[in-house]
Amino acid sequence: MLSEAADHLNQLLEEVRPMKFPGGFNIQQMMKQAQAMQEKMQKEMEELRVEASAGGGVVTVQMKGNHEVFALQIDPEAVKDGDVEMLQDMILAAINEANRKVDEAMKGKIGGMLPPGLGGLLG
């Protein structure tokens, strides 16, 4: 759906003659650059993988850049104790840490794509 919208936007931009503003500012060129940046970010999100653990490695989570958990490992020793609440807390902690790592990684990638001086706007 996102690529369909981008294709439609490109088609519209090709139909409209380039708008020139004072100083040589070209909105069509700016839109193409924005689209290229969006496509690059989407690809990087799909490729990004992070790992986080809790309880000293008792629970380990692997997550993609789009926040999809694709692996969860639990040390069998954690189940033998029968402390379900502690296991649940460790799973949540590992997932939350993985989410934080994804957000930090993406914030760094976005900051690196912005013009100099604007990267600090992300927090």
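This is a predicted model: local features need pLDDT of at least 70, side-chain atom pairs count only at pLDDT 80 or more; totals for chains, interfaces and linings use all residues.
Mentor: Let's start with helix α2 (residues 27-47): at 1.5 Å a residue, its 21 residues should span 30 Å, and its end C-alpha atoms are 30 Å apart, which agrees. The expected span is 1.5 Å times one less than the number of residues. Helices are DSSP runs of H or I with at least four residues, strands are runs of E with at least two, and both are numbered from the N terminus.

Trainee: Ok, which residues are buried in α2?

Mentor: Gln28, Gln35, Met41 and Glu44. Buried means under 20% relative accessible area, exposed is over 50%, and partly exposed is in between, with a 1.4 Å probe and protein chains only.

Trainee: Now the sheet. What's the strand order?

Mentor: The order is β3-β4-β5, an open sheet with antiparallel pairing. Two strands pair if DSSP finds at least two bridges between them.

Trainee: And which strands stand at the edges?

Mentor: β3 (49-54) and β5 (69-74); each has a single partner strand, so one side of each is left without a neighbour in the sheet.

Trainee: How many bridges join β3 to β4?

Mentor: Six, with β4 covering residues 59-64. Ala52 stands opposite Val61 in β4. The two strands form a hairpin with four residues between them, and Gly55 in the turn has a positive phi of about 65°.

Trainee: Which face of β3 is covered?

Mentor: The one with Val50, Ala52 and Ala54; Arg49, Glu51 and Ser53 are on the uncovered face. In a regular strand the side chains alternate between the two faces of the sheet.

Trainee: Switching topic: how many salt bridges are there?

Mentor: A search of the whole structure finds four. A salt bridge is a side-chain nitrogen of Lys or Arg within 4 Å of a carboxyl oxygen of Asp or Glu. One of them joins Glu77 and Lys80, at 3.1 Å from N to O.

Trainee: Where do those two sit?

Mentor: They are three residues apart in helix α3 (residues 76-80), so about one helical turn separates them. Glu77 is partly exposed at 47% relative accessibility, and Lys80 is exposed at 63%.

Key. Residues are numbered from 1 along each chain as its sequence is written. Side-chain values use heavy atoms; hydrogens and water are left out.
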